Amino acid sequence: MGVGSLALAYLRMGDTARALETAARTLETLHTLKPVAYWLQSGIASIAEVYFTLWEQASALPAAEQEVLAQGAKAARRSLDTFSQTFPFAQASAWLYRGSEAWLSGHPDEARHAWNEALAAAQRFSTPFEEGQAHFELGRHLAVQDAARRSHLLRARELFSVLGAAGEISRVQRELDRA
């Protein structure tokens, strides 16, 4: 599922067209696979990240294009849900994108609940990257003046620093700088 990671790399380099094309092609393939190998989790989560990021940034796009991104995001999230039933360590990723789906669908309370579930699952299964992602989502969706925002973001930065996740550290720092 290295192609999922390739889609995310294209997104991070700013090539959204190739990111979406690669994610769409990979998502089609996912529908034909059963979750039989633990190492597929990273690729599936990368596809979800591509779709959810593009959906979040799509407010200026025509409604039809926004809907394509929303449907792709939801399909990727469903793939993570299915995967997490076989490989429970992926529950954190599944909850993370349930939260993103809820947020983008206008359900902030459901989103916060899902992100807290993602945080609990990440801690339960000792997946620090997903723990950092959950802290990041919780923090960035709080008001700038909310003290919990800074606390979540600092914890996310700490976790990503230990992991050497430079791109994630930059994303967290941009959020901290908004304060």
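## Basis

The model is predicted, so local features need pLDDT of at least 70 and side-chain atom pairs count only at pLDDT 80 or more, while totals for chains, interfaces and linings use all residues. Residues are numbered from 1 along each chain as its sequence is written, and side-chain values use heavy atoms, with hydrogens and water left out.

Helix H2 (residues 16–30) and helix H4 (residues 63–86) cross at roughly 45°, and their axes come within 11 Å. Helices are DSSP runs of H or I, at least four residues, numbered from the N terminus. Axes are lines fitted to C-alpha atoms over the stretch in contact, with angles from 0 to 180 degrees between N-to-C directions. H2 is therefore oblique to H4 (under 35 degrees is roughly parallel, over 145 roughly antiparallel, 65 to 115 roughly perpendicular, the rest oblique). Leu20, Leu27 and Leu30 of H2 meet Leu69, Gly72, Ala75, Ala76 and Ser79 of H4; contact means heavy atoms within 4.5 Å. The contact has six nonpolar, two polar and no charged residues. Here Ala, Val, Leu, Ile, Met, Phe, Trp, Tyr, Cys and Pro are nonpolar, Asp, Glu, Lys and Arg charged, and the others, Gly among them, polar.

The axes of H2 and H3 come within 10 Å and cross at roughly 130°. That makes H2 oblique to H3. On the H2 side, the contact includes Ala19, Ala23 and Leu27; on the H3 side, Ile44, Ile47 and Val50 are among the partners. Eleven residues of this contact are nonpolar, two polar and none charged.

## H6 against H7

Helix H6 (residues 108–124) packs on helix H7 (residues 128–140) at about 155°, with axes 8 Å apart. H6 is therefore roughly antiparallel to H7. Contact residues include Arg112, Trp115 and Leu119 of H6, and Glu130, His135 and Leu138 of H7. This contact does hold charge: six residues are nonpolar, three polar and four charged.

## The largest pocket

The largest pocket holds about 470 Å³ of space. A pocket is an open set of points on a 1 Å grid over the protein atoms alone, where a 1.4 Å probe fits, with protein on both sides within 12 Å along at least five of seven lines; lining residues have an atom within 4 Å of a point. Volume is the space filled by probe spheres set on the points, which are joined across faces, edges and corners.

Of the 23 lining residues, Glu49, Thr53, Glu56, Arg140 and Arg171 are closest to the centre. Helices H1 (2–12), H3 (40–56), H5 (91–104), H7 and H9 (166–177) each give two or more residues to the lining. By class, the lining has nine nonpolar, five polar and nine charged residues.
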